[in-house]
Amino acid sequence: MADKNDEKKYVSISKVYTRRGDKGETDLLGGSKAKKDSLKVDSYGCIDEVSAFIGLARYYSKNITIKDILKKIQNKLLVLGGYLASDDTGKDMLKNQISEDDVKYLEELIDEYNQKLEPLFQFILPGEDEVAAHFHVARTVVRRAERKIVTLAREENIDPLIQKYVNRLSDLMFVFARYSEEIEAKK
């Protein structure tokens with residue numbers, strides 16, 4: 001059970017429905033509203049999907065270290081999604097942001113796991129291993145999120161580290177898919 005002091009750190013959701021979105025708008029952090037079909041909402045919706053698919057890969061993975069890494073990434077995706085779900089006022093209110101260290105962390109993981117793999121000389125057809133297939137789905141959803149964010153960055157000021165992080169994340173999902181199929185599946 002969570003300590004009373006811990007409860008104050010998180011958003012309190014006492015009622016799931018508010019009826020405020022019934023007319024096709026949603027509240028952004030900072031106080032403004034956005035249409036639910038806007039590029040902004042679509043962008044952070046894709047990040048939510050990414051986290052769900054990474055959660056699926058985390059559930060099926062048998063590698064405890066990778067499970068821990070994926071959970072850490074999901075927490076970073078909450079930060080990233082919060083940034084995208086904010087207006088300019090909300091962005092200034094955020095306590096956590098994506099940093100260059102976060103991007104570097106993904107690069108280090110990519111390098112670490114990629115060096116354990118054989119060189120790749122052909123395209124991969126997903127589906128040879130269940131866990132790898134989940135990583136490939138996560139990778140493709142990350143790429144879609146990246147495309148949405150690139151387009152959104154033409155309309156509003158987006159921290160360039162957001163795009164870098166998402167780009168590296170898709171690379172990591174690719175490497176984890178290969179690692180899962182080539183190394184983990186053979187254990």
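Visitor: What makes the charged end of Lys-116 count as sitting over the ring of Tyr-113?

Guide: In this predicted model, the charged end of Lys-116 lies 4.5 Å from the centre of the Tyr-113 ring and sits over that ring; a charge is described in this way if NZ of Lys is within 6 Å of the ring centre and within 35 degrees of the ring normal.

Visitor: Why is the pair of Tyr-113 and Phe-176 called edge-to-face?

Guide: A search of the whole structure finds four aromatic pairs. In the pair of Tyr-113 and Phe-176, the ring centres are 5.1 Å apart and the planes stand at 90 degrees; because rings pair if their centres lie within 6.5 Å, and planes over 60 degrees apart count as edge-to-face, the name applies.

Visitor: Why can this pair be said to tie together parts that are 63 residues apart in sequence?

Guide: Tyr-113 belongs to helix H5, residues 100-114, while Phe-176 belongs to helix H7, residues 160-182, so the pair joins parts separated by 63 residues.

Visitor: What other residue forms an aromatic pair with Tyr-113, and what makes that pair edge-to-face?

Guide: Tyr-179 also pairs with Tyr-113, with 4.9 Å from centre to centre and 90 degrees between the planes, and an angle over 60 degrees is what edge-to-face requires. This pair also links distant parts of the chain, since Tyr-113 is in helix H5 and Tyr-179 in helix H7, 66 residues apart.

Visitor: Are these tyrosines, Tyr-113 and Tyr-179, buried or exposed?

Guide: Both Tyr-113 and Tyr-179 are buried, and the word buried stands for under 20% relative accessible area.

How values were computed. Residues are numbered from 1 along each chain as its sequence is written. This is a predicted model: local features need pLDDT of at least 70, side-chain atom pairs count only at pLDDT 80 or more; totals for chains, interfaces and linings use all residues. Side-chain values use heavy atoms; hydrogens and water are left out. Rings of Phe, Tyr and Trp (its six-membered ring) pair if their centres lie within 6.5 Å; planes under 30 degrees apart count as stacked, over 60 as edge-to-face and the rest as tilted. Helices (H or I, at least four residues) and strands (E, at least two) are DSSP runs, numbered from the N terminus. Buried means under 20% relative accessible area, exposed over 50%, partly exposed in between (1.4 Å probe, protein chains only).
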